[in-house]
Amino acid sequence: MTEDMRQFKQVTCTINGVRRTTMVDVRASLTDMLRNDYRLTSVKKGCEVGECGACTVLIDGEAFDSCIYLAVWADGKDILTLEGLEGPSGELSDIQQAFIDETAIQCGLYSPGFIMTAKEILDTGKLYTDDELRKLLSGHLCRCTGYENIMKAVKKTMYKRLGKKYPD
Amino acid sequence: MYDIKALYEADSVQHAVQLLLEHPEAVIIAGGSDVLIKIREGKLAGRELISIYGLDELRGIRKEEDGTIRIGSLTSFRHITADPIIRKHLSVLGEAVDMVGGPQIRSIGTIGGNTCNGVTSADSASTLFSLDAVIEITGPDGIRLVPIEQFYLGPGKVDLRAGELQTSILIAKDSYIGYKGHYIKYGMRNAMEIATTGCSVNVKLSRDKKTVRDIRIGYGVAGPVPLRARHTEDVIRGCAVSAETRSRIGEEVREDVHPRDSWRAAKDFREHLCSTMAMRAFTEAVRKSGGEIDD
């Protein structure tokens, strides 16, 4: 294979439960591929250097910053974005609804990333302390909300899913 | 889009060696949490990259027949912290790498990348120094092993020659059996932070927990590359487990460290940190070993 042929690569992966194939420029980040090729615009471009967490997606169930992940590495992977959380008729998932109920959203730019990490946290089915939750959510920045309501949204959903009473 | 001249994806370690020989100017990309950011900054813009990210054979942790713990160089921080072998035998390493960046960085960042980057602040480095880790390097002439202290040649410079890549980090049985360690990272905030200074202390106590049979102290950002406090270790080996010994550690480490002024912290503040952190990490390592320091 000549060098110039290597500039594009066919990438097949599962995105939000559907198997997809596209040709990607090898210089593209996973954020670029998800936004440009698949129009999954919940994957936000924030800092693009892995600091802010706005581009967070789950890859094989683990939260990654898609901005510092080469698109070609997604070949064979299972990727989940915020769009994959909604129900068949566009219903919001429990954690999305909790973000609304707790006013954990202001401008909304950083919300999808937070929600994807929250999805991973909640799917473990564990009960975390506040300190543990803060650490698990620490890969995200948000300049509007001051984080308290985000903590509350995640914590309330965690208690609800575990059938436990939320401590006031 | 990243400013990348060309990307070559290795499909085996041997293929990676071949690609490195064919493209001597190329940069190895493992997880990319350092390389891609340097491309964005412009420092590595326009370069050829050799991706080893797909080499699953370099992932995972296993205990070999002779008790050596082998950590594949591409194992992510997150997988190191969660690994049952690490939790049982090298909990200090799992705790140290759990302080790197934030959760998503710990999903992509690899221990091999953290050490090959050659920076003094790497959270894994001081602990690997204090564990007497050995670096396994694979190249055109096969495999060679280098103690981690010799692997670091200078800031950002490690002992990788033409066609070579780091493939594993090894911790020998004698280096961990009977030892307990503690790592402290000092930074301005708890997450997404680079260590102002890091200190990792490993101790082995006598059976009655009264004597320090062995001590190994590793530092990050106490010099241009991570380092061991060899002088202090020699002084403390054989001392009683006591508050006096702890104070002695705090005094003696000042002989070993040589931090500098930087925008993160002043030299004298870092010296103070080196001293205080060694004492605190010693206290914790003793506690984890079942010993006690009377205050």
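Predicted model: local features only at pLDDT ≥ 70, side-chain atom pairs only at ≥ 80, totals over all residues.

Student: OK, how many helices and strands does chain A have, then?

Tutor: Chain A comes to five helices and five strands, and read along the sequence they follow the pattern β-β-α-β-β-β-α-α-α-α.

Student: And what is its radius of gyration, next to that of a compact globule?

Tutor: Chain A has a radius of gyration of 17 Å, which agrees with the value near 15 Å that a compact globule of 168 residues would have. Along its principal axes, the C-alpha trace of chain A spans about 65 × 30 × 25 Å.

Student: How much of chain A is buried?

Tutor: Of the 168 residues in chain A, 44% are buried. As for contacts, if you take those between residues at least 6 apart in sequence, 58% join residues at least 24 apart.

Student: Let me switch to helix H1 of chain A. Why is it said to be largely enclosed?

Tutor: Helix H1, residues 30–37 of chain A, is largely enclosed by the rest of the structure because six of its eight residues are buried. Those buried residues are Leu30(A), Thr31(A), Asp32(A), Met33(A), Leu34(A) and Arg35(A).

Student: What follows the helix?

Tutor: H1(A) is followed by Arg39(A), which has a positive phi, near 55°.

Student: You mentioned E3(A). In what sense does it pair with E4(A)?

Tutor: E3(A) and strand E4, residues 62–65 of chain A, pair in the antiparallel sense over four bridges.

Student: Which way does E3(A) run relative to E5(A), parallel or antiparallel?

Tutor: E3(A) and strand E5, residues 78–80 of chain A, run antiparallel and are joined by two bridges. In that pairing, the bridge partner of Ile59(A) in E5(A) is Ile79(A).

Student: New topic: how many residues does each chain put into the contact?

Tutor: The contact takes 27 residues from chain A and 23 residues from chain B. On the side of chain B that touches chain A, strand E1 (4–9), helix H2 (35–41) and helix H6 (103–108) of chain B each supply at least two residues.

Student: Which element gives the most on that side?

Tutor: H6(B) gives the most to the side of chain B that touches chain A, with five residues. By class, that side has 13 nonpolar, seven polar and three charged residues.

Student: Last one: where is Thr115(B), and is it buried or exposed?

Tutor: Thr115(B) is in helix H7, residues 111–116 of chain B. Thr115(B) is buried, since 23 other C-beta atoms lie within 10 Å, and 20 or more is the cut-off for calling a residue buried.

Student: And what is Thr115(B) in contact with?

Tutor: Leaving aside neighbours within four places in sequence, Thr115(B) is in contact with Ala122(B), Ser124(B), Ala125(B), Leu128(B) and Gln166(B). The C-alpha atoms of Thr115(B) and Ile52(B), which are 63 residues apart along the chain, are separated by 15 Å.

Key: Residues numbered from 1 in each chain as written. Chains lettered and ligands numbered in written order. Buried ≥ 20, exposed ≤ 12 C-beta atoms within 10 Å, placed from the backbone. Rg over C-alpha atoms; globule rule 2.2 N^0.38 Å. Contact = placed C-beta atoms within 7 Å. Pairing = 2+ DSSP bridges. Nonpolar A, V, L, I, M, F, W, Y, C, P; charged D, E, K, R; others polar.
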